[in-house]
Structure formats: C-alpha cells, structure tokens
Amino acid sequence: MTMKRAKLLLILFLLVGISSYAQKLSGFGAELSVLSFKPNLRMWFSKTTGAEIFAGQSSELNDFKPNDLEAGFKFLHVIMYNRTDRTYVGVVGKWKWINVYGDVDKTSLPIPGILIGKEWYSKRINRKGFAVELGYQYGVKSYGRERIGETTFEEFPLILNLRYSFYRKK
C-alpha cells in the first residue's frame, strides 16, 4: 500500500509540475459573478499551479434574492505565464445551499465546472491582481414535498467572474 501511495505522489508532482524556483504568492480578494459575490483566498504554489477556496452569498436563476450560501474550491493550472499576467485553466467544485419555499426548507446542490481565466497583476507598491474567468458549470436538483409538489433548481451554466486580489509573497 505504501508503494502505491509513493507512486501516486510521484505522478501527481510530475503532472502538476511544481518547481522550486517559482514565484509563490498567496492573496485574498473578492469575486463578483453573475449571481453571486464571494470573498476568496487564492494561493499560487508555483508559476504553473494554484488553488482557491471561496464562500459567499448567491441567488438562484429564477429567484434573484441573494439568500443562498455557496462555498467551493478551484484548482488552477497555468498555460501561459508572463511577469505581469497569467492565463490558466481550472476545475471548479462548489456546493450551494438553496432556500426552498422561502426560508422554510433548505436543500444542497453540488456543482462541478471548468473554466479558463486571465489574471493581470501589478508589482508596484502593493501586489494587486485583477482576473476575468469564463467557463461552464452544471448543477440540477429536484426537490419535492407531498403537499406542494416538486420543484427543480438549476444553476446558471455560464461562469463569468471578475476578481480583485491583494497578494503577498511567501
């Protein structure tokens, strides 16, 4: 069993391409999406690999009240790197807690997705970054009660995020 874990770790490091000379950054910021606003924490482990966690308020496609909560993660891989910008692809996994029939009931909705993004950052006085992300996500759930009937909740399939971050070097 230990040999399998060692092989898995070796393959993971080779695929991810973590380099020791790379620029390592961590930062916090906020993200404005089509139906949500989320504070987040993003970490670049190397020039080519990063991750982000986020949580915030959101709304549903057919109900524009921001009364739902969502939280999730992104795993990012850079495909083009320059000193002042990066272009990356990533996978998104988030979980959304939907208020059903007002605030009477709650249900949860898992949402996977993929995205491509471009981040520009400034290294002047403070390290700041601005990013635009586009992608696709999918989430559908049916929720039913005996008296009221069944309701279907769908997540808006288009990912369109605008982010602003404050970074610091590790």
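This is a short tour of a predicted protein model, from its overall fold down to a few residues.

Local features here need pLDDT of at least 70, side-chain atom pairs count only at pLDDT 80 or more, and totals for chains, interfaces and linings use all residues. Residues are numbered from 1 along each chain as its sequence is written, and side-chain values use heavy atoms, with hydrogens and water left out.

**The overall fold**

Let's start with the big picture. The protein has 1 helix and 10 strands; these are DSSP runs numbered from the N terminus, with helices (H or I) of at least four residues and strands (E) of at least two. Going from the N terminus, the order is α-β-β-β-β-β-β-β-β-β-β. A closed barrel of 8 strands runs S1-S2-S3-S4-S5-S6-S7-S10, and its pairing is antiparallel. Two strands are said to pair if DSSP finds at least two bridges between them. From one strand to the next, the twist averages 25°, an angle between N-to-C directions on a scale from 0 to 180 degrees, with axes fitted as lines to C-alpha atoms. As background, strands of a sheet pair through backbone hydrogen bonds, either parallel or antiparallel.

| Strand pair | Bridges | A bridge partner pair |
|---|---|---|
| S2 and S3 | 7 bridges | Met 43 and Ala 51 |
| S3 and S4 | 10 bridges | Thr 49 and His 77 |
| S6 and S7 | 10 bridges | Leu 115 and Gly 135 |
| S7 and S10 | 10 bridges | Tyr 136 and Leu 158 |

S2 and S3 also form a hairpin, with 4 residues between them. Over in S3 (residues 49-58), Glu 52 stands opposite Lys 74 in S4.

**The inside**

Of the 170 residues in the protein, 39% are buried. Buried means under 20% relative accessible area, exposed means over 50%, and partly exposed is in between (1.4 Å probe, protein chains only). The largest nonpolar core has 11 residues, including Trp 44, Phe 54, Leu 76, Leu 115 and Ile 159. Such a core is a set of buried Ala, Val, Leu, Ile, Met, Phe, Trp, Tyr and Cys residues joined through side-chain atoms within 4.5 Å. Another core, of 6 residues, lies apart from it, with Ile 98, Val 100, Ile 111 and Tyr 143 among them.

Leu 115 is worth a look of its own. Not counting residues up to four places away in sequence, Leu 115 touches a list of residues including Leu 76, Tyr 88, Val 92, Gly 135 and Ile 159. A contact like this means heavy atoms within 4.5 Å.

**A buried asparagine**

Asn 40 is found in strand S2 (residues 36-44). Asn 40 counts as buried because its relative accessibility is 6%. Its side chain makes a polar contact of 3.4 Å with the side chain of Glu 52, and another of 3.2 Å with that of Arg 163. A polar contact is a pair of N or O atoms within 3.5 Å; within protein, one must be able to donate a hydrogen and the other to accept it, and residues adjacent in sequence count only if both atoms are side-chain atoms. Beyond four places away in sequence, Asn 40 also touches residues including Gly 27, Phe 28, Ile 53 and Phe 54.

**Contacts and surface**

Among contacts between residues at least 6 apart in sequence, 54% join residues at least 24 apart. The accessible surface comes to about 10,400 Å², and 66% of it belongs to carbon and sulfur atoms; the areas come from the Shrake-Rupley method with a 1.4 Å probe, and for residues only the protein chains shown count as cover.
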